[in-house]
Amino acid sequence: MRHLLSPLDFSVQELEDLFDLAADIEKNPGKYAHACDGLKIATLFYEPSTRTRLSFEAAMMNLGGKALGFASADSSSAAKGESVADTIRVISCFADIAAIRHSKEGAALVASRFSSIPVINAGDGGHEHPTQTLLDMMTIRTLKGRLDHFTIGICGDLKFGRTVHSLVNAMSRYEGVHFVFISPPELRVPDYITEMLDEKGLSYEEKISLDEAISGLDLLYMTRVQRERFFNEEDYVRLKNFYVLTPKLMSMAKEDMYVLHPLPRVNEISVEIDKDPRAAYFRQVQYGVYVRMALILTLLGIDVDSL
Ligand code: NCD
């Protein structure tokens, strides 16, 4: 049985196959409309979510399956003190696959050890968020036609931003990718990430100023400051508007420098950018459904050639 806890659980070739499948789903949705008839996904969300949970549920429904689950820890037996291990054992009796989001790093890994159904990590604390990475990569592949040889700027909360950690892990396997980490010193990318890049001999730089970095970028991945992971409100308030991407900044960027953001956006991208053709963040959401459909089919071992 396979789980998805980190994007590194899939080889580069397996990711390629997954993106090809997602692209085929986009082109021929009807072919897949009954692939999961009679099957269920459980979405176990102990932390807030709009996109990720609904996108998993929509993905399963588009495949002919059904969805059940909970949207907050308060409305589950976690409020009574039940462990993740016990909850997943129970859910394994009701559903065929589960997506779990939790505030604790490693929660999805724990769930996978006690589960008899495939487990997808839909975000574990400030650690990883692999399915966001899959849709980020699918977006990059579609917009740029490749996943190698570019300079990607990653800006904002690089310390707590789990989508950043998963994206860097995943992109570090492609040739010629140069990372520019743009953050205030307090929110710089964790050492374990830069150590991994050093070990692999990959090139990266760290900057504080987005103004200085923007003209050299082929892609810009913006992130929000992760308020819920701060220890005190004062620090959050001081850092929350450190970066705001404005039309003036965009005028310094390359004409084909796409802007990505996992969403939700707070203030870090001015709404005026939304009409710029380089704004790719709402397109990412659409790719998220195709990629999650492809992931569900793959983890459930459904033979797509026979559809
Ligand atoms: C991200 C997350 O939950 O980590 N949201 C998402 O799933 N698209 C990013 C964020 O919350 O900032």
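Q: Contact means heavy atoms within 4.5 Å. On that basis, which residues in α5 meet which residues in α6?
A: In this predicted model, P130, Q132, T133, D136 and M137 are the residues of α5 that meet α6. On the α6 side, their partners are T163, S166, L167, A170 and M171.

Q: How do the residues of that contact of α5 with α6 divide by class?
A: Five are nonpolar, four are polar and one is charged.

Q: At what angle do the axes of α5 and α6 cross?
A: The axes of α5 (residues 130-144) and α6 (residues 162-171) cross at roughly 60° and come within 8 Å. The two helices are therefore oblique to each other.

Q: Is that crossing of α5 and α6 right-handed or left-handed?
A: The crossing of α5 and α6 is right-handed.

Q: What about α6 and α7: how do their axes cross?
A: The axes of α6 and α7 (residues 191-200) come within 11 Å, with a crossing angle of roughly 10°. That angle makes α6 roughly parallel to α7. H165, V168 and N169 of α6 make the contact with Y192, I193, M196 and L197 of α7. By class, this contact has five nonpolar residues, two polar residues and no charged residues.

Q: Changing topic, which residues surround the ligand?
A: The ligand is surrounded by T52, R101, H129, Q132, R162, T163, R224, Q226, P262, L263 and P264. Among them, Q132 and T163 also belong to the contact between α5 and α6.

Q: How far does a polar side-chain atom of T52 lie from an oxygen atom of the ligand?
A: The distance between the polar side-chain atom of T52 and the ligand oxygen is 2.8 Å.

Q: Is the phi of H149 positive or negative?
A: The phi of H149 is positive, near 55°, in a residue other than glycine. Most residues other than glycine have a negative phi. H149 is located in the loop between α5 and β5 (150-155).

Q: Back to helices: how do the axes of α1 and α11 cross?
A: The axes of α1 (residues 12-27) and α11 (residues 281-299) cross at roughly 120° and come within 8 Å. The helices α1 and α11 are therefore oblique to each other. The crossing of α1 past α11 is right-handed.

Q: Which residues make that contact of α1 with α11?
A: From α1, the residues are L18, F19, L21, A22, I25 and E26. From α11, they are Y287, Y290, V291, M293, A294, L295, L297 and T298.

Q: And how many residues of the contact of α1 with α11 are nonpolar, polar and charged?
A: Twelve are nonpolar, one is polar and one is charged.

Terms used: Residues numbered from 1 in each chain as written. Predicted model: local features only at pLDDT ≥ 70, side-chain atom pairs only at ≥ 80, totals over all residues. Heavy atoms only, no water. Axes fitted to C-alpha atoms, helices over the stretch in contact; angles between N-to-C directions. Helix = DSSP H or I, 4+ residues; strand = E, 2+ residues; numbered from the N terminus. Parallel < 35°, antiparallel > 145°, perpendicular 65-115°, else oblique. Left-handed = near helix turned anticlockwise from the far one by under 90°. Nonpolar A, V, L, I, M, F, W, Y, C, P; charged D, E, K, R; others polar. Near = heavy atom within 4 Å. Polar contact = N/O pair within 3.5 Å; in protein donor to acceptor, adjacent residues only side chain to side chain.
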